[in-house]
Amino acid sequence: MAEELVFYTNPMSRGRIVRWMLEETGCAYRTEILGFGKEMKSPGYLAVNPMGKVPAILHRGTVVTEGAAICAYLADAFPEAGLAPAPGDARRGPYYRWMFFAAGPVEAALSNKAFGFEVPTDKQRAVGYGSVEDVMNALEYAVSQSEYIAGDRFTAADVYVGSQIGWGMMFGTLEKRPAYEAYWQRIGNRPAAIRAREIDDALVPPKA
């Protein structure tokens with residue numbers, strides 16, 4: 001059906017961010033679980049995402065990939081959920097600013113840190129995120145200015161930024177600063193977040 005929303009994911013991937021976002025919108029969707037390796041690199045799925053990665057969605061004939069882009073798209077596609085400031089609203093600035101900060105500098109800095117790569121001090125100006133410490137300080141600033149990223153209302157930016165913070169603290173790639181912990185306390189136990197975790201946890205294959 002043209003109106004159907006199809007969600008391509010794996011329960012052990014960044015697709016968990018999109019699952020949370022989908023649950024926040026309350027929209028109906030169908031899930032396609034793809035295994036790492038052959039299934040994600042199959043011709044059929046490469047026609048959806050040439051990167052051969054999840055998550056991705058197909059909605060009304062449009063494919064959207066990349067977690068932050070999907071979150072932003074869904075917020076606009078389902079405005080009744082109230083997950084994005086309206087165009088022209090001043091809160092639209094911090095909403096975009098910090099969502100894409102998390103998708104760019106935060107993602108890159110934490111990935112490099114996890115794999116033990118450190119940008120030499122004399123090369124930091126040439127790297128988008130500069131240093132891990134700069135990124136962590138900016139992220140702390142972002143979650144300390146108001147209750148939520150874009151002010152006094154929860155938005156899709158909180159789904160994306162919050163997921164980075166929650167996972168980072170869980171897996172030890174992000175230090176447990178009080179500001180991060182307080183922010184995660186505010187958003188991590190929302191009903192939609194709990195539902196999303198329960199759905200994905202149930203889809204994780206049992207350990208052999």
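This is a predicted model: local features need pLDDT of at least 70, side-chain atom pairs count only at pLDDT 80 or more; totals for chains, interfaces and linings use all residues.
Four strands form an open sheet. Their order is β2-β1-β3-β4, and the pairing is mixed. The edge positions belong to β2 (30–33) and β4 (62–65). Each has a single partner strand, so one side of each lacks a neighbour in the sheet. From one strand to the next, the twist averages 20°.

Strand β1 spans residues 5–9. β1 runs parallel to β2, and four bridges link the pair. Tyr8 has Glu32 in β2 as its bridge partner. Helix α1 (residues 15–25) packs on this sheet. Helix α1 touches β1, β2 and β3 (56–59), and its direction makes about 150° with that of β1.

## Helices α4 and α5

Helix α4 covers residues 92–114, and helix α5 covers residues 132–144. The two pack at an angle of about 145°. Their axes lie 10 Å apart. The crossing is left-handed.

From α4, the contact includes Trp98, Phe101, Pro105 and Val106, along with Ala109, Leu110 and Lys113. Facing them in α5 are Val132, Val135, Met136, Ala138, Leu139, Tyr141 and Ala142. Of the residues in this contact, 13 are nonpolar, one is charged and none is polar.

## Thr173

Thr173 sits in the loop between α6 (156–171) and α7 (178–187). Its relative accessible area is 19%. Buried means under 20%, so Thr173 counts as buried.

Leaving aside residues up to four places away in sequence, Thr173 touches Leu110, Lys113, Ala114 and Gly168. Leu110 and Lys113 also take part in the contact of α4 with α5.

Definitions and conventions: Residues are numbered from 1 along each chain as its sequence is written. Side-chain values use heavy atoms; hydrogens and water are left out. Two strands pair if DSSP finds at least two bridges between them. Axes are lines fitted to C-alpha atoms, for helices over the stretch in contact, and angles run from 0 to 180 degrees between N-to-C directions. Contact means heavy atoms within 4.5 Å. Buried means under 20% relative accessible area, exposed over 50%, partly exposed in between (1.4 Å probe, protein chains only). A crossing is left-handed if the near helix is turned anticlockwise from the far one by less than a right angle, and right-handed if clockwise. Ala, Val, Leu, Ile, Met, Phe, Trp, Tyr, Cys and Pro count as nonpolar, Asp, Glu, Lys and Arg as charged, and the others, Gly among them, as polar.
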